[in-house]
Structure formats: structure tokens, C-alpha cells
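Hello,

Here is the structure we spoke about. Please open it beside this message.

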Amino acid sequence: MICNICPRNCGAERNENDGSGFCEMPNSPVLSRASKHIWEEPCIAGENGAGAVFFSGCTLKCCFCQNYEISHLNNGKRITVSRLAEIFRELEKNGCSCIDLVNPTHFSDCILSALQIYRPSVPLVYNSSGYDSVDTLKRFDGIVDVYLPDIKYYASSVSLKYAACPDYFEKASAALLEMKRQTGECEFKNGIMIKGLLVRHLVLPSNISDSKKILLWIKNNLGENTYVSLMSQYTPFAGAKNHKEINRRLFTAEYDKILNYFFEIGLKNGFMQSKTSANTYFIPKFDNFGV
Ligand code: SF4
């Protein structure tokens, strides 16, 4: 296939074994783990844990990524679409509260094909970097129950510096509006989000004004009732050492400023993290478990 699935629009050749695009992935699914994951937001993980399917490769490759092993080094196992469908079935059978597709963007075709083989009855969660194309998202209309995108950067200069992606906000903001259009207002059942949009934002050290602009955009464009997960877990991994200003943990005062701003501008629904979540203990092992 010639791939233009995500906003990178590589037009690259992807076959069963190899891919020459930015994500470096073939067109068969590559996974690094499929297991219960209890560290998602409470309305996603529930009491039983989310059925997290970790896809390898990435269309964004932020320099500080905590999942560097799979997003940059591409560790993982190549499987068939039928096996992916079986994995959905196994996670559901294990009592997982949802099927949590982690970084699914570049495997959209495979996921849609797998869902034709087996559609789980638990909510289907699309957990992406936000760097999604609207055309690709439209193919998930009526299929995805919950969108769980990041919104990472506002300024082009920031997304260029950390992810070689100057159009991040332009594309991600359009993607989030499409996600909202598809799902409408959030619905919950027994504390689990069964339909809706939950937006994540990881607060970066030294980038407080970027975070504020993002929150204001959310309020003005997605509405004051938008569910937002404000994450403080930033830990300087991998290429963060090349950028002095982010080569440290987030200060409590920085997170508090963003937290205060969240309420000051009238946002109402938030998930907040304690600073103890900035710990590698919460990063799953990418050892092909469950794959
Ligand atoms: S999914 Fe991969 S190959 Fe396709 S356009 Fe995006 S980065 Fe390029």
C-alpha cells in the first residue's frame, strides 16, 4: 500500500514486512504488549483494568517519549489481522473494562479489518497522540466509543523542536473536533465512560504558556464540560537530554499554575495526577506479553 493514513502524508510504501514511512511500520500489525492496564484514568480502567493493546512505531516520536522502546526503537512482534481480532476477544474474556487501542493511528486499516472479524462488546477506546487525520478518523465513525487523544503542543516552534512536527496543533485540533462530532456528550455506565471524548494533556517543564493556550482552546472549542486529564507524570527520557529546559521533572509550582488556570477559565471536568505518578514504575514492560 501507499500510505497517507496520518497527517505526515508520507505517500510511503508499506507491505506486509516493511514500511518506509516516518512511522517505519509495515502494514501488518506490530504489537509490544496486550494486557490489563490499571494505570489509565479511573473511568477508562475501571476496577478490572483496561485491555491495553500497545502498538509499536509512532507517527509523532516525541523526543522525550516514555515508551521510547516501542515508539522509536520499534520493538514488538508482527502479527496477523486475525490474531489481532483474537487478542480483542481474549482481553474481553479476561474481564477488561474496555479495549484500549494505544497509539493506533498508523494501524488504522488493520484495526478496522480486525473489528470486522470480532467486535468486542466492551467499549472501544481510541487512545492516540492526537496527530490523526480527519479523513482516517471518519472511517471510525460509529465504531469507536471513546476517544482518548493527547493534545501535546500549541506552538509550531514547540512541536517542531520536540517532535519534528510543525503542523501538530493545526492537525490535532481538527482531529479533536472530529472526535467530538462523532461521540457527542460523554456517557457513563457504572463509572466507566461508554461514549465520549477525554482529552489528555501532559504538562511539560518550562512550557507553561503552551499548556495554558491548549486549555483555553479546549474550553472555547470543545466546551467547558470537556473531560480533561491533566498529567504531571513527565519524566525526562531519551532525547530530552538534548533540550536543557525539559531535561528535568516538572516542578510542583508549574503543575499548580496549570491546575489553577484550568479552574480559572471555567473548565469543570478534570482528572488530576499526584506528582508520585512521575515514576517509571507505571510504564508497562514491553516484552510482547499477550501478543
Ligand atoms: S501512517 Fe506512517 S507511513 Fe503512513 S503517512 Fe503516517 S507516518 Fe507515513
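This is a predicted model: local features need pLDDT of at least 70, side-chain atom pairs count only at pLDDT 80 or more; totals for chains, interfaces and linings use all residues.

Residues are numbered from 1 along each chain as its sequence is written, and side-chain values use heavy atoms, with hydrogens and water left out.

**Largest pocket**

The largest pocket holds about 960 Å³ of space. A pocket here is an open set of points on a 1 Å grid over the protein atoms alone, with protein on both sides within 12 Å along at least five of seven lines; lining residues have an atom within 4 Å of a point. Grid points are joined across faces, edges and corners, and a volume is the space filled by probe spheres set on the points. The lining has 39 residues, and Q66, N67, R200, M231 and Q233 are the closest to the pocket centre. Elements giving two or more residues are β4 (50–55), α2 (68–71), β10 (192–202), β11 (227–231) and β12 (269–272). Helices (H or I, at least four residues) and strands (E, at least two) are DSSP runs, numbered from the N terminus. By class, the lining has 19 nonpolar, 14 polar and 6 charged residues. Ala, Val, Leu, Ile, Met, Phe, Trp, Tyr, Cys and Pro count as nonpolar, Asp, Glu, Lys and Arg as charged, and the others, Gly among them, as polar.

Two of those strands, β10 and β11, pair in the parallel sense over 5 bridges. Pairing needs at least two DSSP bridges between the strands. L198 stands opposite Y227 in β11. In β11, 4 of the 5 residues are buried (under 20% relative accessible area; exposed is over 50%, partly exposed in between; 1.4 Å probe, protein chains only).

**Cores**

The largest nonpolar core has 74 residues. Such a core is a set of buried Ala, Val, Leu, Ile, Met, Phe, Trp, Tyr and Cys residues joined through side-chain atoms within 4.5 Å. V53, F64, L84, F88, Y153, L215 and I218 touch the most other members. Helix α7 (residues 168–183) gives the largest share, 6 residues. Another core lies apart, with 10 residues, among them C43, I44, A50 and V125.

Helix α4 (residues 108–117) has buried residues too, including I111, L112 and L115. The buried residues of α4 pack against β4, α3 (81–93), β6 (99–102), β7 (124–127) and α5 (134–138).

**Cavities**

How many cavities of 30 Å³ or more does a search of the whole structure find? There are 2. A cavity is a set of grid points where a 1.4 Å probe fits but cannot get out. F64, D150, I151, K152, Y153, R200, H201, L202 and L204 line the second largest cavity.

**Two backbone angles**

N74 is not a glycine, yet has a positive phi of about 65°. N74 is in the loop between α2 and β5 (77–78) and counts as buried, at 19% relative accessibility. A164, also not a glycine, has a positive phi near 50°. A164 lies in the loop between α6 (156–163) and α7 and is partly exposed, with a relative accessible area of 45%.

Best wishes

Technical notes
Contact means heavy atoms within 4.5 Å.
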